[in-house]
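Subject: Structure for you to look at

Hello,

Here is the structure I said I would pass on. Please open it alongside this email, and my notes follow below.

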Amino acid sequence: MYLKTAVFGSVAIRDAASLGPLEIDALKAYLSGMKDFVSLQDFVDQHRRLFVLTGAGCSTNSGIPDYRDADGKWKRRQPVTYQAFMGNEATRRRYWARSMVGWRRFGKAQPNNAHRALSKLEAAGRSELVLTQNVDRLHQAAGSERVIDLHGRLDTIRCMGCGRKSARDELQDELARLNPDWLDLDAASAPDGDADLNAHDLSSFDVPSCPICQGILKPDVVFFGESVPRDSVDTAAAHLKEADGMLIVGSSLMVYSGFRFVQMAARVGLPIAAVNLGRTRADEMLALKVEEACEDALAFLL
Ligand SMILES: [Zn+2]
(Lines give C-alpha, C1' and ligand atoms only; values in the text may rest on other atoms or scores of the structure.)
Protein backbone atom coordinates (compact mmCIF):
# COMPACT_ATOMS: atom_id res chain seq x y z
CA MET A 1 0.00 0.00 0.00
CA TYR A 2 2.82 2.35 0.82
CA LEU A 3 4.22 2.15 -2.69
CA LYS A 4 0.78 2.53 -4.24
CA THR A 5 0.17 5.64 -2.22
CA ALA A 6 3.61 6.99 -2.99
CA VAL A 7 3.37 6.41 -6.72
CA PHE A 8 -0.30 6.88 -7.39
CA GLY A 9 -1.39 9.03 -4.49
CA SER A 10 -2.57 11.78 -6.78
CA VAL A 11 -3.99 9.62 -9.56
CA ALA A 12 -7.51 8.17 -9.64
CA ILE A 13 -6.67 4.69 -10.87
CA ARG A 14 -10.31 3.83 -11.70
CA ASP A 15 -10.19 6.54 -14.32
CA ALA A 16 -7.57 4.85 -16.49
CA ALA A 17 -8.15 7.29 -19.33
CA SER A 18 -6.57 10.01 -17.20
CA LEU A 19 -3.24 8.16 -16.96
CA GLY A 20 -0.40 9.37 -19.14
CA PRO A 21 1.97 6.86 -20.78
CA LEU A 22 4.59 7.26 -18.07
CA GLU A 23 2.04 6.67 -15.36
CA ILE A 24 0.76 3.56 -17.15
CA ASP A 25 4.30 2.22 -17.38
CA ALA A 26 4.79 2.91 -13.71
CA LEU A 27 1.48 1.22 -12.90
CA LYS A 28 2.44 -1.86 -14.92
CA ALA A 29 5.79 -2.03 -13.16
CA TYR A 30 4.09 -1.54 -9.83
CA LEU A 31 1.60 -4.34 -10.50
CA SER A 32 4.39 -6.68 -11.62
CA GLY A 33 6.13 -5.86 -8.35
CA MET A 34 3.05 -7.12 -6.52
CA LYS A 35 3.79 -10.63 -7.71
CA ASP A 36 4.73 -13.01 -4.97
CA PHE A 37 8.33 -14.04 -5.25
CA VAL A 38 8.79 -17.42 -3.63
CA SER A 39 12.53 -16.98 -3.16
CA LEU A 40 15.42 -14.70 -3.98
CA GLN A 41 16.30 -16.99 -6.86
CA ASP A 42 12.77 -16.53 -8.19
CA PHE A 43 13.14 -12.74 -7.89
CA VAL A 44 16.50 -12.76 -9.70
CA ASP A 45 15.20 -15.15 -12.39
CA GLN A 46 12.29 -12.86 -13.14
CA HIS A 47 14.42 -9.81 -13.82
CA ARG A 48 16.66 -9.13 -16.75
CA ARG A 49 18.83 -6.32 -15.38
CA LEU A 50 19.17 -5.72 -11.67
CA PHE A 51 20.37 -2.57 -10.03
CA VAL A 52 22.27 -3.87 -6.99
CA LEU A 53 22.81 -1.70 -3.94
CA THR A 54 25.23 -3.09 -1.35
CA GLY A 55 26.25 -2.14 2.16
CA ALA A 56 28.35 -3.24 5.10
CA GLY A 57 26.54 -6.58 5.52
CA CYS A 58 28.12 -7.70 2.25
CA SER A 59 31.62 -7.41 3.74
CA THR A 60 31.14 -8.66 7.30
CA ASN A 61 32.22 -12.16 6.29
CA SER A 62 35.45 -10.64 4.96
CA GLY A 63 36.33 -9.56 8.48
CA ILE A 64 35.10 -5.98 8.13
CA PRO A 65 32.60 -5.40 10.92
CA ASP A 66 29.20 -3.81 10.37
CA TYR A 67 28.44 -0.37 11.77
CA ARG A 68 24.92 -1.12 12.86
CA ASP A 69 22.91 -3.69 14.78
CA ALA A 70 19.72 -5.44 13.61
CA ASP A 71 17.66 -2.36 14.50
CA GLY A 72 19.85 -0.08 12.41
CA LYS A 73 21.40 1.55 15.49
CA TRP A 74 25.10 2.33 15.88
CA LYS A 75 27.04 -0.56 17.39
CA ARG A 76 29.77 1.77 18.56
CA ARG A 77 30.31 5.49 18.50
CA GLN A 78 29.49 7.27 15.26
CA PRO A 79 32.41 7.62 12.83
CA VAL A 80 34.31 10.90 12.59
CA THR A 81 32.57 13.70 10.70
CA TYR A 82 34.03 15.68 7.85
CA GLN A 83 33.78 18.88 9.87
CA ALA A 84 35.65 17.42 12.85
CA PHE A 85 38.33 15.88 10.63
CA MET A 86 39.02 19.04 8.65
CA GLY A 87 38.66 21.44 11.56
CA ASN A 88 40.61 19.80 14.32
CA GLU A 89 44.19 18.55 14.34
CA ALA A 90 43.63 16.37 17.41
CA THR A 91 40.78 14.62 15.58
CA ARG A 92 43.05 13.92 12.60
CA ARG A 93 45.76 12.59 14.90
CA ARG A 94 43.28 10.25 16.53
CA TYR A 95 41.86 9.20 13.17
CA TRP A 96 45.24 8.36 11.64
CA ALA A 97 46.53 6.62 14.77
CA ARG A 98 43.51 4.33 14.72
CA SER A 99 43.69 4.00 10.94
CA MET A 100 47.36 2.99 10.99
CA VAL A 101 46.57 0.12 13.34
CA GLY A 102 43.31 -0.85 11.60
CA TRP A 103 44.68 -0.75 8.06
CA ARG A 104 46.94 -3.72 8.66
CA ARG A 105 43.86 -5.91 8.76
CA PHE A 106 41.47 -3.89 6.58
CA GLY A 107 44.01 -3.52 3.78
CA LYS A 108 44.33 -7.31 3.54
CA ALA A 109 40.61 -8.13 3.52
CA GLN A 110 39.55 -10.55 0.78
CA PRO A 111 36.22 -10.83 -1.02
CA ASN A 112 33.75 -13.44 0.22
CA ASN A 113 31.07 -15.48 -1.53
CA ALA A 114 28.59 -12.59 -1.48
CA HIS A 115 30.99 -10.51 -3.60
CA ARG A 116 31.68 -13.53 -5.83
CA ALA A 117 27.96 -14.21 -6.31
CA LEU A 118 27.36 -10.62 -7.45
CA SER A 119 30.35 -10.83 -9.76
CA LYS A 120 28.77 -13.94 -11.34
CA LEU A 121 25.48 -12.08 -11.74
CA GLU A 122 27.34 -9.42 -13.71
CA ALA A 123 29.22 -12.01 -15.79
CA ALA A 124 25.85 -13.47 -16.74
CA GLY A 125 24.81 -10.04 -18.03
CA ARG A 126 22.15 -9.64 -15.38
CA SER A 127 23.62 -6.82 -13.32
CA GLU A 128 23.08 -3.28 -14.55
CA LEU A 129 25.24 -1.84 -11.79
CA VAL A 130 26.57 -2.55 -8.33
CA LEU A 131 26.23 0.65 -6.37
CA THR A 132 28.13 0.08 -3.15
CA GLN A 133 28.18 2.06 0.05
CA ASN A 134 31.30 0.12 1.04
CA VAL A 135 34.74 1.66 0.67
CA ASP A 136 36.68 -1.62 0.68
CA ARG A 137 36.84 -2.31 -3.10
CA LEU A 138 35.96 -5.98 -2.48
CA HIS A 139 33.40 -6.08 -5.32
CA GLN A 140 36.19 -5.13 -7.74
CA ALA A 141 38.53 -7.64 -6.08
CA ALA A 142 35.89 -10.32 -6.77
CA GLY A 143 35.81 -9.38 -10.45
CA SER A 144 32.85 -6.97 -10.70
CA GLU A 145 33.51 -4.18 -13.20
CA ARG A 146 30.22 -2.28 -13.28
CA VAL A 147 30.65 -0.78 -9.83
CA ILE A 148 30.24 2.70 -8.42
CA ASP A 149 31.85 3.34 -5.03
CA LEU A 150 29.20 5.74 -3.78
CA HIS A 151 31.18 6.64 -0.68
CA GLY A 152 34.64 6.56 -2.26
CA ARG A 153 37.53 4.19 -1.61
CA LEU A 154 39.69 3.76 1.43
CA ASP A 155 42.73 2.55 -0.50
CA THR A 156 43.25 6.05 -1.92
CA ILE A 157 44.34 9.28 -0.22
CA ARG A 158 43.41 12.74 -1.43
CA CYS A 159 45.18 15.98 -0.57
CA MET A 160 42.56 18.55 0.39
CA GLY A 161 44.95 21.32 -0.71
CA CYS A 162 46.08 20.40 -4.23
CA GLY A 163 43.85 17.41 -4.96
CA ARG A 164 46.77 15.02 -5.47
CA LYS A 165 45.81 11.39 -5.08
CA SER A 166 48.09 8.71 -3.70
CA ALA A 167 47.94 5.14 -2.47
CA ARG A 168 46.91 4.39 1.10
CA ASP A 169 49.72 1.81 1.26
CA GLU A 170 52.28 4.58 0.66
CA LEU A 171 50.83 6.61 3.49
CA GLN A 172 50.88 3.51 5.70
CA ASP A 173 54.65 3.28 5.16
CA GLU A 174 55.04 6.95 6.03
CA LEU A 175 52.85 6.66 9.14
CA ALA A 176 54.88 3.66 10.26
CA ARG A 177 58.17 5.47 9.64
CA LEU A 178 57.06 8.50 11.68
CA ASN A 179 55.42 6.52 14.48
CA PRO A 180 57.40 3.31 15.02
CA ASP A 181 56.29 3.00 18.65
CA TRP A 182 52.68 2.55 17.56
CA LEU A 183 53.30 -0.43 15.34
CA ASP A 184 53.00 -3.02 18.07
CA LEU A 185 49.53 -1.91 19.05
CA ASP A 186 46.62 -4.01 18.12
CA ALA A 187 42.96 -3.18 18.48
CA ALA A 188 39.58 -4.37 17.29
CA SER A 189 38.95 -3.38 13.68
CA ALA A 190 36.16 -0.96 12.97
CA PRO A 191 34.09 -0.75 9.75
CA ASP A 192 35.87 2.22 8.25
CA GLY A 193 39.29 0.66 8.61
CA ASP A 194 40.32 2.32 11.82
CA ALA A 195 40.59 0.67 15.19
CA ASP A 196 39.61 1.23 18.78
CA LEU A 197 42.52 2.72 20.65
CA ASN A 198 41.94 3.74 24.20
CA ALA A 199 44.08 5.32 26.87
CA HIS A 200 47.02 5.87 24.57
CA ASP A 201 48.65 9.28 24.43
CA LEU A 202 47.77 10.65 21.01
CA SER A 203 49.74 13.88 21.35
CA SER A 204 52.92 12.04 20.34
CA PHE A 205 51.40 10.73 17.10
CA ASP A 206 52.87 12.38 14.00
CA VAL A 207 50.49 12.92 11.05
CA PRO A 208 52.10 13.45 7.61
CA SER A 209 50.86 16.23 5.34
CA CYS A 210 50.97 16.50 1.53
CA PRO A 211 54.59 16.34 0.26
CA ILE A 212 53.72 18.84 -2.51
CA CYS A 213 51.66 21.54 -0.80
CA GLN A 214 51.62 20.57 2.92
CA GLY A 215 47.82 20.28 2.68
CA ILE A 216 45.65 18.04 4.83
CA LEU A 217 45.58 14.40 3.70
CA LYS A 218 42.23 12.68 3.85
CA PRO A 219 41.11 9.21 2.81
CA ASP A 220 39.26 9.49 -0.51
CA VAL A 221 35.99 8.47 1.10
CA VAL A 222 32.83 10.39 1.87
CA PHE A 223 32.82 11.14 5.57
CA PHE A 224 29.67 11.70 7.56
CA GLY A 225 28.65 15.30 7.04
CA GLU A 226 30.20 15.36 3.56
CA SER A 227 28.17 15.11 0.37
CA VAL A 228 28.47 12.36 -2.22
CA PRO A 229 30.08 13.55 -5.51
CA ARG A 230 27.36 14.72 -7.89
CA ASP A 231 28.61 12.72 -10.88
CA SER A 232 28.46 9.45 -8.91
CA VAL A 233 24.82 10.15 -8.08
CA ASP A 234 23.94 11.15 -11.66
CA THR A 235 25.71 8.15 -13.22
CA ALA A 236 24.06 5.75 -10.79
CA ALA A 237 20.65 7.33 -11.44
CA ALA A 238 21.16 6.84 -15.20
CA HIS A 239 21.90 3.14 -14.60
CA LEU A 240 18.79 2.85 -12.47
CA LYS A 241 16.72 3.88 -15.50
CA GLU A 242 18.11 0.88 -17.40
CA ALA A 243 17.22 -1.61 -14.67
CA ASP A 244 14.01 -3.59 -14.28
CA GLY A 245 14.44 -4.45 -10.61
CA MET A 246 16.46 -3.52 -7.55
CA LEU A 247 18.34 -5.85 -5.24
CA ILE A 248 19.60 -4.54 -1.92
CA VAL A 249 22.35 -6.61 -0.30
CA GLY A 250 23.49 -6.09 3.29
CA SER A 251 22.30 -2.59 4.00
CA SER A 252 19.89 -1.17 6.54
CA LEU A 253 19.66 1.93 4.27
CA MET A 254 19.91 4.24 7.26
CA VAL A 255 22.18 6.58 5.31
CA TYR A 256 20.19 8.79 2.93
CA SER A 257 22.78 8.69 0.13
CA GLY A 258 21.89 5.02 -0.44
CA PHE A 259 18.23 5.21 0.53
CA ARG A 260 17.54 7.90 -2.08
CA PHE A 261 18.09 5.28 -4.83
CA VAL A 262 15.46 3.05 -3.25
CA GLN A 263 13.09 6.01 -3.28
CA MET A 264 13.89 6.60 -6.96
CA ALA A 265 13.21 2.92 -7.74
CA ALA A 266 9.93 3.01 -5.84
CA ARG A 267 8.81 6.15 -7.66
CA VAL A 268 9.05 4.42 -11.03
CA GLY A 269 7.55 1.21 -9.67
CA LEU A 270 10.62 -1.05 -9.83
CA PRO A 271 10.19 -4.23 -7.78
CA ILE A 272 12.66 -4.21 -4.90
CA ALA A 273 14.12 -7.16 -2.97
CA ALA A 274 16.45 -6.95 0.01
CA VAL A 275 18.83 -9.30 1.77
CA ASN A 276 19.61 -8.03 5.23
CA LEU A 277 19.89 -9.35 8.75
CA GLY A 278 17.52 -7.05 10.60
CA ARG A 279 15.25 -4.29 9.55
CA THR A 280 15.84 -1.82 6.73
CA ARG A 281 14.49 1.66 6.22
CA ALA A 282 12.70 0.37 3.10
CA ASP A 283 10.93 -2.67 4.60
CA GLU A 284 7.44 -1.50 3.61
CA MET A 285 8.57 -0.90 0.01
CA LEU A 286 9.92 -4.41 -0.57
CA ALA A 287 8.47 -7.08 -2.84
CA LEU A 288 10.73 -9.61 -1.09
CA LYS A 289 12.80 -9.56 2.09
CA VAL A 290 15.35 -12.23 2.94
CA GLU A 291 16.75 -12.15 6.47
CA GLU A 292 19.88 -14.20 5.98
CA ALA A 293 23.61 -13.60 5.79
CA CYS A 294 24.41 -12.21 2.32
CA GLU A 295 26.68 -15.06 1.25
CA ASP A 296 24.02 -17.63 2.21
CA ALA A 297 21.16 -15.81 0.50
CA LEU A 298 23.18 -15.37 -2.72
CA ALA A 299 24.73 -18.86 -2.74
CA PHE A 300 22.42 -19.99 -5.58
CA LEU A 301 24.37 -17.68 -7.92
CA LEU A 302 27.70 -19.42 -7.35
ZN1 LIG B 1 48.73 18.80 -1.77
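Is isoleucine 64 buried or exposed? The model is a predicted one, and in it isoleucine 64 has 23 C-beta neighbours inside 10 Å. The cut-off for a buried residue is 20 or more, so isoleucine 64 counts as buried. This residue is located in the loop between strand S1 (50-54) and helix H4 (82-87). Its C-alpha is 9.7 Å in space from that of glutamine 110, although 46 residues separate isoleucine 64 and glutamine 110 in sequence.

The whole chain

The protein chain contains 11 helices and 9 strands. It has 302 residues, and 38% of them are buried. Among contacts with a separation of 6 or more, 72% are between residues 24 or more positions apart.

The largest nonpolar core consists of 43 residues. Val52, Met246, Ile248, Val262, Ile272 and Ala273 have the most contacts inside this core. Another core, of 15 residues, lies apart from it and includes Phe85, Ile157, Leu175 and Phe205. Leaving out residues up to four places away in sequence, alanine 273 touches Phe37, Leu40, Phe43, Leu247, Leu286, Ala287 and Leu288.

The parallel sheet

An open sheet is built from 6 strands in the order S3-S2-S1-S7-S8-S9, and the pairing is parallel. Its edge strands are strand S3 (147-149) and strand S9 (288-290), each of which pairs on one side only. On average, neighbouring strands of this sheet are turned by 15° against each other, direction ignored.

Inside the sheet, strand S7 (residues 245-249) and strand S8 (residues 272-275) run parallel and are joined by 4 bridges. Methionine 246 has isoleucine 272, in S8, as its bridge partner. Both Met246 and Ile272 are among the residues with the most contacts inside the largest core.

Helix H6 (residues 113-123) packs on this sheet and touches S1, strand S2 (127-132) and S7. The direction of H6 makes about 150° with that of S2. Helix H9 (residues 230-242) lies across S1, S2 and S3, and runs at about 145° to S2.

The antiparallel sheet

A further open sheet has 3 strands in the order S5-S4-S6, with antiparallel pairing. Strand S5 (165-167) and strand S6 (217-221) stand at the edges with a single partner strand each, so one side of each has no neighbour in the sheet. Neighbouring strands here are turned by 45° against each other on average, direction ignored.

Strand S4 (residues 152-159) pairs with S6 in the antiparallel sense over 4 bridges. Cysteine 159 stands opposite leucine 217 in S6, and arginine 158 has lysine 218, also in S6, as its bridge partner. S4 is joined to S5 by 3 bridges, and these two strands run antiparallel. Isoleucine 157 has serine 166 in S5 as its bridge partner; Ile157 also belongs to the core of 15 residues. S4 and S5 form a hairpin with 5 residues between them, and glycine 163 in the turn has a positive phi of about 85°.

Helix H5

Helix H5 (residues 89-106) has 18 residues. From its first C-alpha to its last it reaches 24 Å, close to the 26 Å expected at 1.5 Å a residue. H5 has a kink of about 35°, centred on methionine 100. Met100 is one of the buried residues of H5, as are Arg92, Arg94 and Arg98. The buried residues of H5 pack against H4 and helix H8 (168-178).

Why does asparagine 134 count as buried? It has 28 C-beta neighbours inside 10 Å, and therefore counts as buried. Asparagine 134 lies in the loop between S2 and helix H7 (138-141). Not counting residues up to four places away in sequence, asparagine 134 touches Thr54, Gly55, Ala56, Cys58 and Ser59. The C-alpha atoms of asparagine 134 and arginine 153 are 7.9 Å apart in space, with the two residues 19 apart in sequence.

Regards

Methods
Residues are numbered from 1 along each chain as its sequence is written. This is a predicted model: local features need pLDDT of at least 70, side-chain atom pairs count only at pLDDT 80 or more; totals for chains, interfaces and linings use all residues. A residue is buried if 20 or more other C-beta atoms lie within 10 Å of its own, exposed if 12 or fewer, and partly exposed in between; C-beta atoms are placed from the backbone. The expected span of a helix is 1.5 Å times one less than its number of residues. The bend at a residue is the angle between axes fitted to the seven residues ending there and the seven starting there. Two residues are in contact if their C-beta atoms, placed from the backbone, lie within 7 Å. A nonpolar core is a set of buried Ala, Val, Leu, Ile, Met, Phe, Trp, Tyr and Cys residues joined through C-beta atoms within 7 Å. Two strands pair if DSSP finds at least two bridges between them. Axes are lines fitted to C-alpha atoms, for helices over the stretch in contact, and angles run from 0 to 180 degrees between N-to-C directions.
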